[in-house]
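Please keep the sequence and the model in view while reading.

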Amino acid sequence: MSTPVRDPGRWRPALDRPALVALLLGAAGVGYRLVLTLLTLPTSNSDEATFGLAALHIATGHERPVFLYGQRYMGMLESYLAAPLVAWAGPSWPVLRLPLLVLYAAFLWLAYRLTRRLFSPWLAAFVVGLLALGSERVVRDQLTAVGGRPEVKPAVLAMLLIAVALGERRVRHRWLATGVFGLLAGVALWSDWLIVPYLAVAGLVLVWAAPRDLVGWPGVLLVAGFLVGVAPMIKDNIIAPEGQDSLSVFREISTKDGAAPSWSERLHGGLLEGVPLASGLCPMDGCARWVEWFGLLYPLLLVAAAGLGLVAYRRAADPAARVRAVARLALVVGAALTLLGYVRSALAATDPVGNARYLSVLQISLPAVLWPLWLAAAHAGRGTAGAAARTGGAVAGLVLAALTATALAATAAFVADAPPLRAEERRARELADAVRRTGLHDVYGDYWTCNRLIFNTGEAVTCGVLDGDLTPGQNRYPAYWKRVGRAARPGYVLAVGSPAERTLRRLVGDRADAAVVAEVGGYRVYHPETAVRPWR
């Protein structure tokens, strides 16, 4: 990445051209996301607010949650990272997201290091450039505190770099490296189970690269590091009530009864929509038909990358080269297993737009996926290339250019949509301010209103979740529901014209208009003379 330059008075590292380009592109990507973070873009929601409220509870010392409230399989590392900032500056969306911006910067740096080590310096710079771009779907996965994905991606890249360095005999404190590898694996597993395919292939690379380091003290530290990282999950599952352990909850969610889509529907949703969305080629509301080309090309690129990895392994002149070839194959296998697991799920067909977030970890394998195209384009520029090679290289170059242009267009579309998104976020804050001005401290609302309202008021207002029939909804944190339930005269924060508002007005009768104490941002705040709790 750099070479030391000495002169009589000082010493400094000098970046070569690929490293300098990567640095500039990476700085642009981080700067772009810093602006988005300060503007609370993408907009917040109640899912993210749940992580923010957990960070607030951690900061005040009230609780030490292991898993997301009401979802006992997603780790709360993001809340712990934000807790010191929340304790210092108070609850706010930029404060909650700043640790994720740091994780994104680490992801860029590690992606550059690994790509340069396994492939080529200029491909590393190109990968950083693509990762610096960001459609709403991609940025939402990187900057919003919704669990797992921002932290597990840099963890896997760091694990692969450690394994390769051990195999190349470039590590002085090998026992420390294996301990860090185990710690990263444990923390990643606790954070998000979607990363399991990549953890498996990273572990296989370590076994292949440094089998001797799996015995003796380095092996002990590997296991110890893993146990330390995964300890919160182990402890919680030991004390969890029957049927509430992580595996049972995850199995229940994954096997819910519903439609059984055909394989063609799953492949269409997973490949043609999910892959382009997760790759940052589409706006948040879905992919145009012409953008689906990358989803068709993706599995072909994986096959080509696997072939190149096998050839590199067979032609390796030394053990270090074989380790790098194995690491390339690991990136391919990790992507293939992740994609296969997603396509097997009915979610790929029933809601491909909403569930494309589960493919965000494919960014880890971006260098391997682009490697066949990069090689073909580079080979075409050589004077010895034949007509067929030049034609294939020109096509590969056009594909890379089209990929870049499409990602740039999706990023520009997100920026163009910023004003209405900012207005929506502003309305949410105005609603919180309006509720506080009424003097209400305990209210009912729908799921997408409640936790967001609680976080925006710093828990000055507590909200219980109701569904459209004014019956109990998804209350992730039971303490809020209990507190509102004890209120003698709670308020109701309901969207104008929603089923819940119509139900409330029917139950209150001709006193409904008199019960309205505020109306802002498409919501009405009701404060009836008596509590309306039809479920009791």
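## Cavities

Four cavities of 30 Å³ or more are found in the structure, a cavity being a set of points on a 1 Å grid over the protein atoms alone where a 1.4 Å probe fits but cannot get out. The volume quoted for each is the space filled by probe spheres set on the points, which are joined across faces, edges and corners. This is a predicted model, in which local features need pLDDT of at least 70 and side-chain atom pairs count only at pLDDT 80 or more, while totals for chains, interfaces and linings use all residues. Residues are numbered from 1 along each chain as its sequence is written, and side-chain values use heavy atoms, with hydrogens and water left out.

The largest cavity has a volume of about 230 Å³, and of the 19 residues that line it, Ala278, Ser279, Gly280, Gln363 and Leu366 lie nearest its centre; a lining residue has an atom within 4 Å of a point. Helices H5 (121-132), H13 (293-315), H17 (366-380) and H18 (387-416) each supply at least two residues of this lining, with H18 giving the most, three residues. Helices (H or I, at least four residues) and strands (E, at least two) are DSSP runs numbered from the N terminus. By class, the lining of the largest cavity has 13 nonpolar, six polar and no charged residues, where Ala, Val, Leu, Ile, Met, Phe, Trp, Tyr, Cys and Pro count as nonpolar, Asp, Glu, Lys and Arg as charged, and the others, Gly among them, as polar.

The second largest cavity, of about 50 Å³, has a lining that includes Tyr447, Cys463, Arg476 and Tyr477. Helix H20 (447-456) and strand E6 (462-465) are the elements that give two or more residues to this lining.

## Aromatic contacts

A search of the whole structure finds 14 aromatic pairs, that is, rings of Phe, Tyr and Trp (its six-membered ring) with centres within 6.5 Å, called stacked if the planes are under 30 degrees apart, edge-to-face if over 60 and tilted for the rest. The rings of Tyr69 and Tyr477 have centres 4.6 Å apart and planes at 40°, so this pair is tilted. The two residues are 408 residues apart, with Tyr69 in the loop between strands E3 (67-68) and E4 (71-75) and Tyr477 in the loop between E6 and helix H21 (478-486). Tyr69 is buried at 9% relative accessible area, and Tyr477 counts as buried at 15%, buried meaning under 20% with a 1.4 Å probe and protein chains only.

Within helix H13, Phe294 and Tyr298 lie four residues apart, about one turn of the helix, and both are buried. Elsewhere, ring pairs link Tyr444, Trp481, Tyr492 and Trp535 into a cluster.

## Disulfides

The count comes to two disulfides, each a pair of cysteine sulfur atoms within 2.5 Å. One joins Cys282 to Cys287, with an S to S distance of 2.0 Å, and its 100° about the S-S bond makes the link right-handed. Cys282 is buried at 1% relative accessible area, as is Cys287 at 14%.

The other disulfide joins Cys450 to Cys463, also with S to S 2.0 Å, and is left-handed, with -50° about the S-S bond. Cys450 lies in helix H20 and Cys463 in strand E6, so the pair ties together parts that are 13 residues apart in sequence.

Key: On a 1 Å grid over the protein atoms alone, a cavity is a set of points where a 1.4 Å probe fits but cannot get out, and a pocket is an open set with protein on both sides within 12 Å along at least five of seven lines; lining residues have an atom within 4 Å of a point. Buried means under 20% relative accessible area, exposed over 50%, partly exposed in between (1.4 Å probe, protein chains only).
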